[in-house]
Amino acid sequence: SRHLAGRLPSLAFAGAGRRSSRLENNNLQPQQQPPLLSQLGEAWPTHLRAAPRQERKRSQDSLIVLNVSGTQFQTWQDTLERYPDTLLGSSERDFFYHPETQQYFFDRDPDIFRHILNFYRTGKLHYPRQECISAYDEELAFFGIIPEIIGDCCYEEYKDRRRENAERLQDDADQDHAAECSLPSMTTRERMWRAFENPHTSTLALVFYYVTGFFIAISVIANVVETVPCGVNPGRIKELPCGERYAVAFFCLDTACLRIPSRGRCLPAAWT
């Protein structure tokens, strides 16, 4: 019993030392989550997790409101500043700022602006097929965006539409230039040929064009009716077509509708 009583203080001291060491280890080491909780944390939906600190630091001062002809668009300032060589990404946009409304006002097309703003957000520029190619180019030029950065999915169609528009504008310019230029002196035959080929040159030529089309239709209908059976003449058994039974009437109609010889004298090959 003496021996046991002598060892009790030492055992108590040793037990207290081990408890204190465990407490110190628990205080020094970070608390570890059970494996099940860590797996649930990794599988937790992204939109339900806490937002990063950098996102939470965004204040209302960095949110920009763009008013495009009454349609409002909102985006972050750093989104626009990704492209500092453009209008919205540089300090030039301050010229369009209204302190009363705290908005940037642009008197431009809001439908095309949607695609321009998406370029700042995604870095990809697309061509809207339903929009006019000239209006789209004007909007890109206003906001300082070059069309060469259009995505591969839309660039070929953009080039085709732009080439067709350029050809159409060139044709219109040539026609306007030809109309402004004074026409050289022409003979009556040359004027008739010009009226046949270009009925929109004058009101008289346009009237002559429609009258000629009317007689062409009458001539085609007469040629069809000539082959239709029109009954049997008295004293004959065979049924005659209308062209033979009313030969005089169809002859007069064909003569009235005959215009090809008169036009043939006016052809360019005849006076060149």
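Of the 272 residues in this chain, buried ones make up 20% (buried means under 20% relative accessible area with a 1.4 Å probe, protein chains only). Keep in mind that this is a predicted model, where local features need pLDDT of at least 70, side-chain atom pairs count only at pLDDT 80 or more, and totals for chains, interfaces and linings use all residues. Residues are numbered from 1 along each chain as its sequence is written, and side-chain values use heavy atoms, leaving out hydrogens and water.

The four strands form an open, mixed sheet in the order β2-β1-β4-β3. Its edge strands, β2 and β3, each pair on one side only, where pairing takes at least two DSSP bridges between two strands. Strands β1 and β2 are antiparallel over six bridges, and Leu63 has Trp76 in β2 as its bridge partner.

| Element | Residues |
|---|---|
| β1 | residues 63-68 |
| β2 | residues 71-76 |
| β3 | residues 97-98 |
| α5 | residues 110-122 |

Helix α5 packs on the sheet and touches β1 and β2 (contact means heavy atoms within 4.5 Å). The direction of α5 makes about 5° with that of β2, using lines fitted to C-alpha atoms, for helices over the stretch in contact, with angles from 0 to 180 degrees between N-to-C directions.

Finally, an unreviewed UniProt entry places a "transmembrane region" at residues 204-225, although such annotations may be inferred rather than shown by experiment. In the model, residues 204-225 are 100% helix and 0% strand, with end C-alpha atoms 32 Å apart.

Terms used
Helices (H or I, at least four residues) and strands (E, at least two) are DSSP runs, numbered from the N terminus. Buried means under 20% relative accessible area, exposed over 50%, partly exposed in between (1.4 Å probe, protein chains only).
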